[in-house]
Amino acid sequence: MSSAGTTPGTARVSRFAEPSEDELPGDIREIYEANRAKIGFVPNVFRAYAKRPEHFRAFMHYHDVLMRGPSGLSRAEREAIVVAVSSENRCLYCTIAHGAALRVIGKDPMLADQIAANWRTADLSPRLRLILGFASRVNEPGFAPADEEIGALRAAGLADDDIWDIAAIASFFGFSNRMAGVMDMRPNAEFYTMGR
């Protein structure tokens with residue numbers, strides 16, 4: 001038995017009950033179908049949050065604003081932040097799921113795996129090293145940057161909105177990591193082979 005109380009290979013999504021799809025509100029059911037059409041399955045984070053539809057909607061909306069909305073950060077840089085922070089927080093679900101997204105979007109499976117293992121020893125560009133360094137600092141308990149730290153980011157060419165986005169992504173996924181831990185959310189098996 002695993003620590004989650006299931007035998008290996010079982011399909012439990014979370015320690016809390018998952019609603020059946022015929023019980024879902026129409027908008028959430030549409031999101032399930034859109035994901036099945038696009039990637040072939042419904043990510044377990046959707047299934048876990050569907051238990052609380054208002055939480056699902058709020059969580060997914062802010063996720064999409066941060067990860068897909070306009071930003072001076074590339075999609076790959078944003079996924080790298082998620083993987084680095086999630087790895088530091090030892091979040092199985094987010095490290096695996098967003099590691100898969102980083103492999104697909106970044107088109108560099110080796111680098112994605114390096115970031116998941118330890119971004120500090122990964123073969124990073126100077127810009128990405130600076131971004132992940134700040135994201136990691138945001139992830140520290142009680143972190144509040146000094147003006148000099150923000151100034152160093154600006155001096156390296158990051159706009160204020162970019163700095164905001166780094167902090168927002170790191171903060172949001174700190175929350176997401178902790179909720180995934182509370183739920184004992186399990187990664188979909190498909191994530192392990194995506195982008196390899």
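**Reading helices and positive phi values**

Analyst: In this predicted model, the buried residues of α7 pack against α4 (75–88), α6, α8 (147–155) and α9.

User: Which residues of α7 are buried?

Analyst: The general idea comes first. An α-helix has 3.6 residues a turn, so residues three or four places apart point the same way. In α7, the buried residues are L128, I131, L132, F134, A135, S136 and V138.

User: How far does helix α7 reach from its first C-alpha to its last?

Analyst: Helix α7 (residues 126–138) has 13 residues and reaches 19 Å, close to the 18 Å expected at 1.5 Å a residue.

User: What span should helix α9 have at 1.5 Å a residue?

Analyst: The 24 residues of α9 (residues 160–183) should span 34 Å, and the end C-alpha atoms of α9 are 34 Å apart, which agrees.

User: What phi does D184 take just after α9?

Analyst: D184, in the segment after α9, has a positive phi of about 50 degrees although it is not a glycine.

User: Is D184 buried or exposed?

Analyst: Relative accessibility is the value to consult, with under 20% counting as buried. D184 counts as buried because its relative accessibility is 12%.

User: Where is K107 found, and what is its phi?

Analyst: K107 is found in the loop between α5 (92–106) and α6 (109–118). Its phi is near 55 degrees, a positive value in a residue other than glycine.

User: Does K107 count as buried or exposed?

Analyst: The cut-off for exposed is over 50%. K107 has 69% relative accessibility and therefore counts as exposed.

Note on methods: Residues numbered from 1 in each chain as written. Predicted model: local features only at pLDDT ≥ 70, side-chain atom pairs only at ≥ 80, totals over all residues. Heavy atoms only, no water. Helix = DSSP H or I, 4+ residues; strand = E, 2+ residues; numbered from the N terminus. Expected span 1.5 Å × (residues − 1). Buried < 20%, exposed > 50% of the residue type's maximum accessible area, 1.4 Å probe, protein only. Contact = heavy atoms within 4.5 Å.
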